[in-house]
Amino acid sequence: MHADAKTATPDAPSGRPVLMPSYVEKAHLVVEDLPMMAAWYEKALGLSPIETGASGVILGVAGTPLLTLETDGAARRQPRTAPGLFHNAFLVPSRAELSRWLAHVANSRVPLTGASDHLVSEAIYLDDPEGNGIEVYRDRDRDEWEFLPEGGVKMATLPLDLQALYDEAPQERWGGMAEGTALGHIHLQVSNIPEADAFFRDVLGLDVMARYPGATFFASGQYHHHVGANVWNSRNQPKRSGAMTGLSGYRIRFNDRAALDTALAALDRQAIATTRGGEGVSLTDPWGIGLTLSA
Ligand SMILES: [Fe+2]
């Protein structure tokens, strides 16, 4: 945490995580049944296909790619304990949009796995049909967040009143996720927390915003978190290897070019191999997940 982090908060450009110095832009899942999974993400989450190919589809909102689904014939089903995805978290622009989506999934009988009030946000959880975790959430206004004197922000896990949220839903036909929906954060399962601190804080330059037992939350721009990492299912598990289903990659975009250069220099110092391509700088994170950094 930088010493000036707290005083920097009021100057943050807006509450939107994609406007902060770095943010998670997109995730990439390897799936077993592409047509079924693509249809599910379109129907349940209201994502739209942006590019469709024989072995993959890019889904997003209002033309912004958020999620790639891809098949790989050689992929074996990932063990539940494998490092990888805990959830992709889709941030909707408002509580009204969260309630509109909730009414849609409730009326469509899409099973949910949980719902929480995290003080900074209100979140609803579910799994896709192949077991990949998903969160759909809305942020409270930043001036309602409690930034802590020692750095970071106060978060908790409290019950969320789903009935009240459902009852607020605008009475209009569901037409998909609202424009402005983003991949607000990604939450990973990792093998150990010190390694996550060393990578996301010390190499990628994110700030530690909160800690739970077995989990750390990292962000740029004093967001509550762009990346979460926990060991709840995956403690001390070996990194991903070979082709397997689940999260094969994610992309972090830097709005601040200097912050990307600092991260690239840190990667070089740690002798973490990178390749430079049209999409940015690609590497494998400490848990065997592909990561692309771009500005
Ligand atoms: Fe989350």
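## A buried aromatic pair

Trp 145 and Tyr 223 are both buried, where buried means under 20% relative accessible area, exposed means over 50%, and partly exposed lies in between (1.4 Å probe, protein chains only). This is a predicted model, in which local features need pLDDT of at least 70, side-chain atom pairs count only at pLDDT 80 or more, and totals for chains, interfaces and linings use all residues. Residues are numbered from 1 along each chain as its sequence is written, and side-chain values use heavy atoms, with hydrogens and water left out.

## Aromatic pairs

Rings of Phe, Tyr and Trp (its six-membered ring) pair if their centres lie within 6.5 Å, and planes under 30 degrees apart count as stacked, over 60 as edge-to-face and the rest as tilted. The count by this rule comes to 9 aromatic pairs. In one of them, the ring centres of Phe 86 and Trp 232 are 5.5 Å apart and the planes stand at 75°, so this pair is edge-to-face. Phe 86 belongs to strand S5 and Trp 232 to the loop between strand S13 (227–230) and strand S14 (246–254), so the pair links parts of the chain 146 residues apart; strands (E, at least two residues) are DSSP runs, numbered from the N terminus. Phe 86 is partly exposed at 24% relative accessibility, and Trp 232 is partly exposed at 41%.

The pair of Trp 145 and Tyr 223 is tilted, with 5.9 Å from centre to centre and 50° between the planes. Ring pairs also link Phe 199, Phe 200, Phe 218 and Trp 287 into a cluster.

## The iron site

The protein donors of the iron ion are His 87 (NE2), Glu 135 (OE) and His 185 (NE2), lying 2.1 Å from it. Donors are N, O and S atoms within 2.8 Å of the metal (3.2 Å for Na, K and Ca), and water is not among the atoms, so sites may look incomplete. Glu 135 lies in strand S8 (residues 133–139) and His 185 in strand S10 (residues 182–189), so the two tie together parts that are 50 residues apart in sequence. Glu 135 is buried, with a relative accessible area of 2%, and His 185 is buried as well, at 1%.

Methods: Helices (H or I, at least four residues) and strands (E, at least two) are DSSP runs, numbered from the N terminus.
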